[in-house]
Structures are given as C-alpha cells and as structure tokens.
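Reader: I am new to this structure and would be grateful for a close look at a single part of it, namely the open sheet and what surrounds it. Please take me through it step by step.

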Amino acid sequence: MTLRLIEGGRGNGDAQGLLIHGASQIATLAGGIRRGGRQGDLALMDAADAGGPGAPGAPVVACWDGRIVGVGPRDLLEPKLEASGHPMSRFVRIDAAGGVVTPGLVDPHTHLLFAGSREDELVMRQQGAGYLEILAAGGGILSTVRATRAAGTEELAAHGRRWLDEMARHGVTTVEAKSGYGLDLETELRLLEVAFALGREGPVDVVPTYLGAHAVPPEYRSRPDGTEAYVRSVIEEQLPGVAAQGRAVSCDVFCEQGVFTAGQSRRILETAARYGMAVRLHADELAPSGGAELAAELGALSADHLHAPSDEGIAALAAAADGARPTVATLLPGTTWFLMTGDAAPARRFIEAGVPVALGTDFNPGTSPNANLPLVMTIACLEMGLSPAEALAAVTVNAAFAAGVEDRAGSLEPGKQADLVIWRASSVGQLPYWVGADLVDTVVKRGRVIHRRGD
C-alpha cells in the first residue's frame, strides 16, 4: 500500500519520513523482555508531563524509510533529526489527536490457515459434549483436516488474507502462523508455502511454524502403534521435506496427554533443531504433561497454553528465565473463555515466579475462532488478573520474543521496524477497559499507513 499523506505532505513525493505527534501517551516498551515486577513496565512517555499533547516537549515518534529513528520530546528530537540528515521537510505528519500510541501488536500463536468451519460444536459443548464425543460425531480437528486437505492453494490464501486483514484492523502487525491441519507432507508444505507467501505479500508480517505433530491423522488411528508410527513419519518424512522447503522458521508439537508424550515431543523437536528450526510447544493445556519442563530444557521460544502446568513446570520455566533468552509463557485466555472451562491459566503465578508472559489469540476454527487480540487483553485482565499495562506488554515486546521477532518488532526503538498503532483512547488503561470496542484509529506498518479508521 502507499503511504497516505495525512498532514503536511503537500503532495511531495520526496517524503521519506513519518512523524507521529499529538499523542497523550506513547508506550515505547523499550528495554527488552518484561518479566516479574517489570511485566507491566511500558517505558511510558506521557504528554501530561510536558504540558499536554500539543506542548513543544510532548513526545513524538519519528520514522524514516520504514524504521524508527527517534522517540522523545519533539523540541529536542527534531533538531537531532535535522542534524543527522533527516530533514523535517521530508516528514509526513500524523496527528494522534490525543490518542495513545503503542507498538504494533504481535500475535504469537495463531492457526491462521485452514478450511471449513465448526460452529455446530459450540451448541454441542453447550449441551455438555466433550472433546471425544465431538470427535466421534465427525467434528473436532479431524473435520478441519479433511476440509483443509481438500482446499486448494488459492482458497487457503484468500482465507488467510481475510483474517490477516481482520487482525490488522485490531492493531496486529505481525503474526505467528502454524500449519497443522494437513497432517501429511503435501498439505503441510502447502500451508507453510501459503503462510510464507502471505508474509511476502504483506502488509502484515507472517512467521510460519510447522505443526505436523498437531494430532494423529485419521489414517494412523486404527493402527495399534498409530501414534508412534506417525511420530516416525513426522521425523523421517515430514521434517526433512519441511526443512528442504525452507519456509518454516520454527517447529511446534502438541505435547499433551492423549496426543504426544513429552518423550515423543522431545524427539520431534530435537530433530527440528538439527534442521535449524527454533522450537516451541503446546504445553500442559489439559493436564500436566511435562511440556513446560521440556520447553525450558530445550530453550524453546515459548511454551503455549499452560492452563494446567505442574509446580515443577513453573519452576523450570522460572529457572530458564534467568538465561540470556528466556522461554516465554504464551497464554491463550480466549481459548479457555470460548471453551467455557470456568478457569484460566495461572498468569499471576508465572509473573510472580519471574517468567515472562505473552498473550495470543490461538485463532483457530474449533476452540478459539477469535482474531481480536485487544479482546484477549480484556479477557486476560478479567480472568487472569493481569493489569492493563501487563497485558499490553504481553501483546507487544513479550509476544515479539515468543514469536522470535524481537529484533524488529514489539517496541518503539530506533532501528526497529516502524510498526505502531494510534488508538482512540487517552490512556493505556482504556485499551482493555472498553470491552470489544473498535479503538484502533491508525495502523502503521514499516512506516506506511495500512489502516485508517473510516477508510
């Protein structure tokens, strides 16, 4: 998309910069991953300290050629920009009109690509049906696998564009996207290729993850050794093919009782690591499975779900948090909310133990058909006890670490991509407060406006 000349552009095609001014608050999230007592540290710049959004010393964000070149008081930053070869005459100016400015949101856990829909399962759950009953009735993940295997590349790409657009309208500028609804090499490669192509197409960045070990496919389920045979297929057939394709950045496994054991997960992830992929896990969603412990041991980017971790699992993640690159606890409160479980992952225990916490939508057709990451922030505040500031850190800088993109996204710091959101809210605390409200005014990706309210 082309940069929209909002103010001061005068039709000048030489404009290379973008200056965001007039914000009430700028949450920079500068300074690295947040954990423990710093989970809610937003590195906040407040215009009230300078006399208001229009004051000379009010904070601004300056972007040049798609990257951030400065954040700070306007009267100090503009002379520095001029002196460093960034003439103010070549900046397009956007007035935040008293709104909050944050980094572009990062969704570190989505199942973006699939075919079909499973809305009938909601009524079945309301009537008391469990996972196995839904599966026996022809629903569940295997119904999505059937539909996805039958879907063509263009159908999957059109589906992905639709939902990436929806996510962008909620302020998301980067998503992690898992495969996992193919469960055979051909379809898994197709899903990864589409995810990669959508990221290249933009404007939202897409981080492809291989999740061949999402479930045991139907053709293996009648075999006495079905699960183990499928694990061997993942290791000996699928992973070499995925590595040769070169699209997957990381590998994930659904480590859970009744799915894949910690031992099986270890074998898959260690093989993926030898192929140069980062590792991550679906861990301890339904019961303690050893997933959190395994994630910490392997130095995984993230351990996700963590609805039912053991004490040992929390302790292992806490010990890993002291390392140079801690494993992030990526919690998915929208899933437990949609499944009506009545409880949520123990977010406060992770924070108190010093484990960095991120939040994701878990966008998928069965257990979390939700593409609204700000709504997930609200659910996390209401059901997990996160503060608004902790929730914002969890969908920006910590989510960037969980997705493995912390070098370019998640905070407003010089050198990083100019990904940011202007919100129709006067304080950070309002972002999760107005439940389900459309508070996004403007979304900027690499210095270009990709969404503006009313356009």
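Author: Two strands are said to pair if DSSP finds at least two bridges between them. The model discussed here is predicted. In it, strand β17, which covers residues 440-445, pairs with β18 in the antiparallel sense, and four bridges join the two. One of the residues involved is Val444, whose bridge partner in β18 is Val449.

This pair belongs to an open sheet of six strands, arranged in the order β3-β2-β7-β16-β17-β18. The pairing within the sheet is mixed. At the edges stand β3 and β18 (448-452); each has a single partner strand, so one side of each is left without a neighbour in the sheet. From one strand to the next, the twist averages 15°.

At the other end of the strand order, the chain between two sheet strands deserves attention. Thr28 lies in the loop that links β2 (25-27) and β3 (44-46). Is this residue buried or exposed? Thr28 counts as buried because its relative accessibility is 4%, and the cut-off for buried is under 20%. Apart from its neighbours within four places in sequence, Thr28 is in contact with Leu42, Ala43, Met45, Val71, Pro103, Ser411 and Leu412.

By class, the lining of the largest cavity has seven nonpolar and three polar residues, and no charged ones.

The largest pocket has a volume of about 860 Å³. Of the 41 residues that line the largest pocket, Tyr131, Phe254, Glu285, Leu286 and Thr367 are the closest to its centre. The elements giving two or more residues to this lining are α2 (120-126), α3 (131-136), α7 (218-221), α8 (226-245) and α12 (333-338). The largest share, four residues, comes from α3. The lining of the largest pocket divides into 18 nonpolar, 16 polar and seven charged residues, whereas the lining of the largest cavity has no charged residues.

Notes: Residues are numbered from 1 along each chain as its sequence is written. This is a predicted model: local features need pLDDT of at least 70, side-chain atom pairs count only at pLDDT 80 or more; totals for chains, interfaces and linings use all residues. Side-chain values use heavy atoms; hydrogens and water are left out. Buried means under 20% relative accessible area, exposed over 50%, partly exposed in between (1.4 Å probe, protein chains only). Contact means heavy atoms within 4.5 Å. On a 1 Å grid over the protein atoms alone, a cavity is a set of points where a 1.4 Å probe fits but cannot get out, and a pocket is an open set with protein on both sides within 12 Å along at least five of seven lines; lining residues have an atom within 4 Å of a point. Grid points are joined across faces, edges and corners, and a volume is the space filled by probe spheres set on the points. Ala, Val, Leu, Ile, Met, Phe, Trp, Tyr, Cys and Pro count as nonpolar, Asp, Glu, Lys and Arg as charged, and the others, Gly among them, as polar. Axes are lines fitted to C-alpha atoms, for helices over the stretch in contact, and angles run from 0 to 180 degrees between N-to-C directions.
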